[in-house]
Amino acid sequence: MGKTTGFLEYERVTGPVISEEMRIFNFNEFHSQLTVEEQKLQAARCMDCGLPFCQAGAMIAGMASGCPLNNLVPEFNDLVYKGNLELAYKRLSMTHSFPEFTSRVCPALCENACTCGLHDQPVATKENEKLIVENAFAKGLVSEKAPKTRTGKKVAVVGSGPSGLAVAQFLNRRGHSVTVYERNDRIGGLLRYGIPNMKLDKAIIDRRVHMMEEAGISFVTNVNVCGSKKYNTNVTEKTKYISAAELEAEYDAVVLACGASNPRDIKAPGREAKGIYFAVDFLGRVTKSLLDNYDKKNVGSKNDIDKNIADEKPVSLVSSDITDMVKGKDVVVIGGGDTGNDCLGSCIRLGAKSVTQLEMMPCPPAERLSTNPWPEWPRTLKTDYGQEEAIYKFGNDPRVYQTTVKEFISEKKDKESILKSVVIVDLKAEKDEKTGRMNMVQVEGSQREIPAQLVLIAAGFLGSESYVTEGFGVAVDGRTNVKTDMGHFATSKPGVFVAGDMHRGQSLVVWAIAEGRKAAMEVDHYLMYEG
């Protein structure tokens, strides 16, 4: 390593962050970068540890430790320290399809497995990665070149999220003709409509997709594969339908990358009241409204990354129906994960009167317990940007632990049941004598009513949507994820493959990209040697 004592000489420093006071008035990204010279010192902290867990991507105690893409982190950190950013990008791009996405939205599994983190702060690898890729874009080093020859094989990719894009990129580079089908009006899947703009500016997606189009990948939007009007799948008047049989007849292979898009519901009395939405649907509607108004205002070019889509107060860029859902209302978010946190940040920007986040599990400890040693993923308390903004705006942490909704209370208005409050109840862990498992059960007498005119359910996902798996006739497991042999991506249907959340269940963007790359390798082998 270029600076073997760097971790002793330099403290961890990350890029400046726009204050809560300023950022809650728009949907812009709010993390800035250090200068190149400052970032080089951060890269110098990467020690010659000899056993870099950061790049392992191994499962330890049921949780991922290190990068699932197996990025050779010490190598590109060393190159950043030495100032060779061009070679650092070449090194990073050998294992990574889209570092511009993960350097913004990944929880940094690499950092949580960093050897420096055992006794000190981990290396700021995520920000090193962002410097590498953004420098590469700025200097024209990033490209998606069309292959010189084509194999004559055609592949359909169903879903344009991170796994679908990774599949398409790899197979196109191998010379196959790839068409990506997306049921929404824009490409990106989870990246587009599941992650709010302040975490990932949508121009970053457009920048990459534009390159992929120029390299020969076809993107088709507003097409619901296996869908029909009887399914509630975000259809519009522009939506077209293609059957599994049509795709299988036209293409040599089909890759399903539709995500784990079946949200877990809350089955409590009063659920039918107006004002209760699935979180991912809400986040998608907010982003679509921003993008639609951005297009109407014609602010800059579609691929101009120097302009954020929301440089004004949000009310002027979000349609009135979205604003009216939130403004002046007491909001309850059910679920303590990243999606729930994103709902907090979005609702604060849209003028919520109050925000409360319900979490079924106990509050995590502030520091690692002895039962959760490094390099396991740290099960410790994390206060994310939405919670920080809620603390600033309302003066208290919005999270309420070991609590769930017992009942939704509504009132009649114009013959409709309109949500006005929720009854919440405390939970406690109790062992099931038959199974030996610990379950969260309600505490008698702990229920109380709190105001809520908007409830967002962010309780996770149950797996694949059945109309797709049934349409293709692929086998699923007990969690409705598409079943394959361990470590493989071929489904029970010959010529049909799967990748991403649809395969492994709800997970991270980095896992989706890793799955997409591995699935594409298997598809390539099938096309060239088996199909």
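Analyst: Pro375 lies in the loop that runs between strand 11 and helix 16 (helices, H or I with at least four residues, and strands, E with at least two, are DSSP runs numbered from the N terminus). The peptide bond between Trp374 and Pro375 is cis, with an omega of about 5°. In general, most peptide bonds are trans, and most residues other than glycine have a negative phi.

The model is a predicted one, in which local features need pLDDT of at least 70 and side-chain atom pairs count only at pLDDT 80 or more, while totals for chains, interfaces and linings use all residues. Residues are numbered from 1 along each chain as its sequence is written, and side-chain values use heavy atoms, with hydrogens and water left out.

With a relative accessibility of 29%, Pro364 counts as partly exposed (buried means under 20% relative accessible area, exposed over 50% and partly exposed in between, with a 1.4 Å probe and protein chains only). Neighbours within four places in sequence aside, Pro364 touches Arg379, Thr380, Leu381 and Tyr401, where contact means heavy atoms within 4.5 Å. Val157 stands 207 residues from Pro364 along the chain, and 39 Å separates their C-alpha atoms.

Helix 15 (residues 338-349) meets helix 16 (residues 385-394) at an angle of about 40°, and their axes are 7 Å apart (axes are lines fitted to C-alpha atoms, for helices over the stretch in contact, and angles run from 0 to 180 degrees between N-to-C directions). Helix 15 is therefore oblique to helix 16, since angles under 35 degrees count as roughly parallel, over 145 as roughly antiparallel, 65 to 115 as roughly perpendicular and the rest as oblique. The crossing of helix 15 past helix 16 is left-handed, that is, the near helix is turned anticlockwise from the far one by less than a right angle. On the side of helix 15, the contact is made by Asn341, Asp342, Leu344, Gly345, Ile348 and Arg349; helix 16 contributes Tyr385, Gly386, Gln387, Glu389, Ala390 and Phe394. Sorted by class, the contact of helix 15 with helix 16 comprises five nonpolar, four polar and three charged residues (Ala, Val, Leu, Ile, Met, Phe, Trp, Tyr, Cys and Pro count as nonpolar, Asp, Glu, Lys and Arg as charged, and the others, Gly among them, as polar).

Directly after helix 16, Gly395 adopts a positive phi of about 85°. Positive phi values are also found in residues other than glycine. Lys415, in the loop between strand 13 (403-413) and strand 14 (416-431), has a phi near 65° and counts as exposed at 82% relative accessibility. Ala61 has a positive phi of about 55°; the loop between strand 1 (58-60) and strand 2 (63-65) holds Ala61, which is exposed with a relative accessible area of 55%.
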